Amino acid sequence: MVELKTDTSIEAMHAAGQVVGRALTAVREAAAVGVTLLELDEVAREVLREAGASSPFLGYRPSFAPTPFPAVICASVNDAIVHGIPTRYRLRDGDLVSIDCGAELDGWAGDSAISFTVGRARPADVRLIETAERALSAGIGAAVVGNRIGDIAHAIGTVCRAGGYGIMDDFGGHGIGRRMHEDPPVPNEGRPGRGLALRHGMVLAIEPMLIAGGRNDYHAAPDGWTLCTNDGSRAAHVEHTVAITEAGPRVLTER
Ligand code: MG
Ligand code: MG
């Protein structure tokens with residue numbers, strides 16, 4: 001069931017979203033060659049603590065997961081696409097890092113992700129990240145009253161495919177509200193004009209996941225969480241929580 005949010009609830013979700021935005025900004029500023037992923041997790045924990053927010057990631061255990069998630073961010077490096085568990089791994093020159101973060105404040109959730117490079121960036125990584133960001137913008141642009149879920153999916157998929165990239169098909173965006181994952185699913189590829197009609201008060205997490213090698217094949221790392229490309233190619237993941245309003249799409253996790 002898709003729950004429509006009141007304008008008051010959207011304001012409350014914006015407050016949660018701003019905590020996520022601040023956490024991601026702080027993590028990105030802290031990320032540098034030699035810094036560990038666990039240190040980045042600690043940076044995000046501190047932002048959540050200061051805001052009085054809790055983490056919907058910490059202890060999260062969906063059906064596919066072998067263990068409760070142990071951190072407040074997912075940190076996915078290079079060939080890791082999403083769901084990376086922060087470890088003692090030290091960032092190296094030229095790494096491509098995707099950080100996903102959530103926060104719960106006053107009973108409302110926010111969810112957002114960024115991809116960036118550390119040190120000297122490879123041109124191919126810059127292009128991959130820029131395409132992911134353009135796909136996200138296209139998806140947000142299609143999140144308007146009168147459109148359908150398929151229009152968002154089509155907008156995202158078109159940008160990704162035009163770049164020659166693969167799209168993860170088992171994972172994608174989702175409704176969000178009091179819980180991080182709500183209906184409806186928001187796929188990253190689809191047919192325009194299909195699916196649920198978008199209405200004022202729907203709040204969606206829109207999140208393209210792009211695979212540089214152009215395929216959709218991936219596997220779980222031994223930790224059971226981190227999803228890595230089969231061909232070893234790099235991946236990018238960007239996400240915003242977006243409210244659909246009569247006045248147009250409103251990003252609630254801006255940075
Ligand atoms: Mg996320
Ligand atoms: Mg999400």
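Is F64 buried, partly exposed or exposed? F64 is partly exposed, because its relative accessible area is 41%, which falls between the limits of 20% and 50%. This report describes a predicted model and begins with its overall form.

## Overall form

The protein contains four helices and 14 strands. Its C-alpha atoms fill a box of roughly 45 × 40 × 35 Å along the principal axes. For 255 residues, a compact globule would have a radius of gyration near 18 Å, and the value of 17 Å for the protein agrees with this.

Of the 255 residues, 54% count as buried. The protein exposes about 10600 Å², of which carbon and sulfur atoms supply 51%. Among contacts between residues at least 6 apart in sequence, 71% join residues at least 24 apart.

## Aromatic pairs

A pair of aromatic rings is described by the distance of the centres and the angle of the planes. The model has four aromatic pairs. One of them joins F64 and F171, with 5.7 Å from centre to centre and 85° between the planes, an edge-to-face arrangement. This pair links distant parts of the chain: F64 lies in the loop between α2 (37–51) and β1 (73–77), while F171 lies in the loop between β5 (166–167) and β6 (173–175), 107 residues apart. F171 has a relative accessibility of 24% and therefore counts as partly exposed.

The rings of F69 and W225 also form a pair; their centres are 4.9 Å apart and their planes stand at 75°, so the pair is edge-to-face. F69 lies in the loop between α2 and β1, and W225 in the loop between β10 (218–220) and β11 (227–229), so the pair ties together parts that are 156 residues apart in sequence. F69 is buried because its relative accessible area is 3%, and W225, at 3% relative accessibility, is buried as well. Ring pairs link F57, F64, F69, F171 and W225 into a cluster.

## Magnesium site

The magnesium ion (ligand 1) is coordinated by D100 through two OD entries, by D111 (OD) and by E239 (OE), at 2.0 to 2.4 Å. Along the chain, the donors of this ion follow the spacing D-x10-D-x127-E. The magnesium ion (ligand 2) lies 3.2 Å from the magnesium ion (ligand 1), and D111 coordinates both.

D100 belongs to strand β3 (residues 96–105) and D111 to strand β4 (residues 108–117), eleven residues apart. Both D100 and D111 are buried.

Conventions:
Residues are numbered from 1 along each chain as its sequence is written. Chains are lettered from A and ligands numbered from 1 in the order in which they are written. This is a predicted model: local features need pLDDT of at least 70, side-chain atom pairs count only at pLDDT 80 or more; totals for chains, interfaces and linings use all residues. Side-chain values use heavy atoms; hydrogens and water are left out. Rings of Phe, Tyr and Trp (its six-membered ring) pair if their centres lie within 6.5 Å; planes under 30 degrees apart count as stacked, over 60 as edge-to-face and the rest as tilted. Helices (H or I, at least four residues) and strands (E, at least two) are DSSP runs, numbered from the N terminus. Buried means under 20% relative accessible area, exposed over 50%, partly exposed in between (1.4 Å probe, protein chains only). Donors are N, O and S atoms within 2.8 Å of the metal (3.2 Å for Na, K and Ca); water is not among the atoms, so sites may look incomplete. The radius of gyration is taken over C-alpha atoms; the globule rule is 2.2 Å times the number of residues to the power 0.38. Contact means heavy atoms within 4.5 Å. Accessible areas come from the Shrake-Rupley method with a 1.4 Å probe; for residues, only the protein chains shown count as cover.
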